[in-house]
Amino acid sequence: MKVLVVTDDRVGPVMAGSALRAWELSRVLLEAGHEVVLAAAAGSNHPEGHGPPVVSKAQWRGIDAVVGAPWSLPPRAFVGSHLLVVDGATPLLAELAASPPLPAVLRRIRTASARLPLVGVRADAVLAAGPAQAGWWSERLCKRPGVPVIDVPFGIPDSDPPPERNDIEGVPRGWSVVLWWGGVWPWLDLDTLLAARALLGSASVSVVVPTAARPGSEASVFSSSDLLAAARRHGLQPPAVVPLEHWVPYADRHRVLNRAALLAVLHHPGPEADLSFRTRALDGLWAGVPLLVSEGGAVAELARIGGWGGVVPTHGVDATAAAMDLLLGRREQERCRRALAAHREAWRWSLVGQPLCETLTELPVAPRHSLMPAAVVAATILTGRHDPVRTQT
């Protein structure tokens with residue numbers, strides 16, 4: 001098939017989030033024998049490594065199938081005879097609901113919500129990451145129960161990370177690194193991690209937090225100054241807390257991961273946490289770095305069952321400090337790293353992406369509905385005449 005993968009994120013040697021997923025799914029489809037083009041945001045270019053061509057302007061003529069997050073798809077994606085596979089693995093509406101209700105956020109809620117009626121009548125398949133997401137999407141496809149909801153979570157590279165590691169500026173040699181891997185967003189809970197680090201007192205432990213602007217953004221949402229101010233509120237200062245002031249290229253991330261003793265991802269309780277699949281935690285699985293995660297969400301359950309690290313109550317400062325102290329010990333480090341190694345093979349991109357490849361050749365299985373009524377509902381949401389929350393539920 002001729003497959004167009006679409007993302008509104010910037011793809012390149014330095015990328016994050018939905019761009020990473022679009023790139024890796026494109027490569028899975030390419031390896032399966034499809035002719036693939038990845039259409040990404042302006043300023044995108046080809047990342048390091050084998051993969052499909054990357055363009056900023058999609059060519060729709062002759063396309064057999066389109067794959068993309070609903071929030072990234074242009075109106076053109078919903079019309080025509082091509083197959084439409086909606087990648088619903090990012091719970092964007094739940095993330096936005098957990099964000100401050102600023103005008104830009106409210107506008108984004110409207111534009112994202114306006115996609116749901118279109119997905120409901122036009123999608124030929126939906127990708128989800130974990131059972132909670134699959135259930136959420138099945139509810140929104142209840143009028144078309146024949147549309148398959150396919151579990152395609154985030155994966156890890158088919159090859160293990162190289163052994164090289166870099167020192168992290170500001171972290172003393174011999175100190176353990178607790179790595180907060182990724183951005184600091186309103187639904188995530190860095191504050192509990194900092195409070196827990198404060199309880200460890202003079203321990204030789206550095207909490208390292210990336211503070212650079214996200215690829216494609218002009219400014220960081222959580223700067224080095226913000227981090228150091230948050231640290232001071234807990235009586236911390238470098239090197240107990242260290243900003244990572246550059247965004248690590250995708251092909252070089254193993255150099256930082258290999259320096260870490262723990263990879264921490266804590267969140268606040270709520271719908272976002274319930275629907276989440278913490279993609280950043282999968283880098284810990286890949287590199288064999290034990291995890292420290294909040295309870296709630298698919299990855300926390302995987303970590304608990306698989307022994308990948310520690311799962312702590314949300315906002316549980318004392319429990320988080322105790323887990324950090326335990327997991328940084330030699331015995332727990334060895335146990336967790338053995339458990340991670342034992343589960344790694346099942347999470348290769350070539351395996352987690354296989355259900356997409358298998359389903360693509362069998363679509364469509366459910367009849368499509370008329371697009372016009374859904375387009376009218378979408379228009380009323382965009383113009384503010386329809387409550388987007390009602391549309392979501």
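Biologist: Which residues are linked in a network of salt bridges?
Modeller: The model is a predicted one, and a search of the whole structure finds 16 salt bridges in it. A network of such bridges links Arg122, Asp124 and Arg368.

Biologist: Is aspartate 283, which forms a salt bridge with arginine 253, buried or exposed?
Modeller: The closest N and O atoms of aspartate 283 and arginine 253 are 3.2 Å apart, and the pair links distant parts of the chain, with aspartate 283 in helix H10 and arginine 253 in helix H8, 30 residues apart. Buried stands for under 20% relative accessible area, and both aspartate 283 and arginine 253 are buried.

Biologist: How does arginine 304 count by its relative accessibility, given that its side chain meets that of glutamate 301 in a salt bridge?
Modeller: The two residues both lie in helix H11, 3 residues apart, about one turn of the helix, and the N to O distance is 2.5 Å. Glutamate 301, at 37% relative accessibility, counts as partly exposed. Arginine 304 has 52% relative accessibility and therefore counts as exposed.

Biologist: Why do the buried residues of H12 line one face of the helix?
Modeller: The buried residues of helix H12 are Thr320, Ala321, Ala323, Met324 and Leu327. Seen down the axis of H12, they line one face because their directions fall within an arc of 165°.

Biologist: Which strands are the edge strands of the open sheet?
Modeller: The open sheet has 6 strands in the order S10-S9-S8-S11-S12-S13, with parallel pairing. Each edge strand pairs on one side only, and these strands are S10 and S13.

Terms used:
Residues are numbered from 1 along each chain as its sequence is written. This is a predicted model: local features need pLDDT of at least 70, side-chain atom pairs count only at pLDDT 80 or more; totals for chains, interfaces and linings use all residues. Side-chain values use heavy atoms; hydrogens and water are left out. Buried means under 20% relative accessible area, exposed over 50%, partly exposed in between (1.4 Å probe, protein chains only). Helices (H or I, at least four residues) and strands (E, at least two) are DSSP runs, numbered from the N terminus. The arc is that of the directions from the helix axis to the C-beta atoms. Two strands pair if DSSP finds at least two bridges between them. A salt bridge is a side-chain nitrogen of Lys or Arg within 4 Å of a carboxyl oxygen of Asp or Glu.
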